[in-house]
Amino acid sequence: MGSIWNAIYAFFNQIVYAVASMRIPFDIIDILIVAYIIYKAINFMSETRAGQLAKGLLLLFVVYFIANWWNLTTMKWLLSRFVDYIIIAIAIIFQPELRRLLEHMGHSRLMGGSHVAVNEPILNCIDKVSRAAGNMQESKTGALIVFERSTQLGEIIDTGTVIDAAPSVQMVNNVFFPKSPLHDGALIIRDGKLYAAGCILPLTQREDINSQLGTRHRAAIGMTENSDAVVLVVSEETGIISIVVNGEIRRGYNAISSAEELKALLLQPDKQNKGFFSRFGFLKKKEGKEAKNNDMEK
């Protein structure tokens, strides 16, 4: 028991020494930056499956600490072998999350978002796509439409057919007409134009997805896990319109509400790509309207 109190006493002495020798304001800035990075890392992991994996790693470190404390020789040896390769293990286990994090950092701006407030071609495209989605909702025609943002989707476009057409309700409906040769793939929207059709998207590897969601929805989630694209999905079974962004699926839209949501995501600064100062309230944040997630796939 005495050794525990000595350790606690030494710990608090180190804190007092660190505070007394602090260089103001540089050390305070250093602490704030590190705290901000830790906060964003925790927030990022809590929104992905990396959070569950991190809990498992944390448990292993706790067991390793207890094994050292109680001098459990065999357990210490086993865990020490694991710790030797922890960096490689993290790189392998968290590869999708690390890629998404790095892409998210690349899309961010120090002072603000990456999207312009007004873009007439995109506004016109949103109007045509949402109206077409309303038609396909009524006829229960399946559709998968990807709006490209900062991440270039060249590899995805190469899997389909480049059409580079001006947006129109009839054109979008024709692409996804059941007998069309391009209806099974995704339609890629680039710079407000219908750029490519029949494209193949990566499927999500997540296991917590509703089993009633089909391949289109899984492809939409997988696409947004690997890029900052926004994806609109029309269910072939129910006609429900969904919008997927950052691996999160939002459902229960119609032609009007989907248009409003797409405008909030594509025409205004991305709320998740706000700059450093805007996160602390120095720049005004405009809340986008969130759709209600009431309907479930049947």
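At what angle do helix H7 (residues 120-139) and helix H11 (residues 255-266) pack, and how far apart are their axes? Keep that in mind while you set up the viewer. This is a predicted model, in which local features need pLDDT of at least 70 and side-chain atom pairs count only at pLDDT 80 or more, while totals for chains, interfaces and linings use all residues. Residues are numbered from 1 along each chain as its sequence is written, and side-chain values use heavy atoms, with hydrogens and water left out.

**First stop: H7 and H11**

Select residues 120-139 and 255-266: these helices pack at about 150°, with their axes 8 Å apart. (Helices are DSSP runs of H or I, at least four residues, and strands runs of E, at least two, numbered from the N terminus; axes are lines fitted to C-alpha atoms over the stretch in contact, and angles run from 0 to 180 degrees between N-to-C directions.) H7 is therefore roughly antiparallel to H11, a label for angles over 145 degrees. The crossing of H7 past H11 is right-handed, meaning that the near helix is turned clockwise from the far one by less than a right angle.

Now show side chains. From H7, pick Ile122, Leu123, Ile126, Ser130 and Gly134; they meet Ala255, Ser258, Ala259, Leu262, Lys263 and Leu266 of H11, where contact means heavy atoms within 4.5 Å. Coloured by type, the residues of this contact divide into 7 nonpolar, 3 polar and 1 charged, with Gly counted as polar.

**Second stop: H10**

Move to residues 215-225, helix H10, where 9 of the 11 residues are buried (under 20% relative accessible area; exposed is over 50%, partly exposed in between, with a 1.4 Å probe and protein chains only). Among the buried ones are Arg216, His217, Met223 and Glu225.

The side chain of Glu225 meets that of Arg206 in a salt bridge (3.9 Å, N to O), a term for a side-chain nitrogen of Lys or Arg within 4 Å of a carboxyl oxygen of Asp or Glu. This pair links distant parts of the chain, 19 residues apart: Arg206 lies in the loop between strand S4 (193-199) and H10.

Arg206 is partly exposed at 26% and also forms a salt bridge with Asp208, at 3.1 Å between the closest N and O atoms. Asp208 is exposed, at 57%.

Finally, select Asp127 and Lys128, whose side chains form a salt bridge at 3.9 Å, N to O. Asp127 is partly exposed at 32%, whereas Lys128 is buried at 18%.

Definitions and conventions
Angles under 35 degrees count as roughly parallel, over 145 as roughly antiparallel, 65 to 115 as roughly perpendicular and the rest as oblique.
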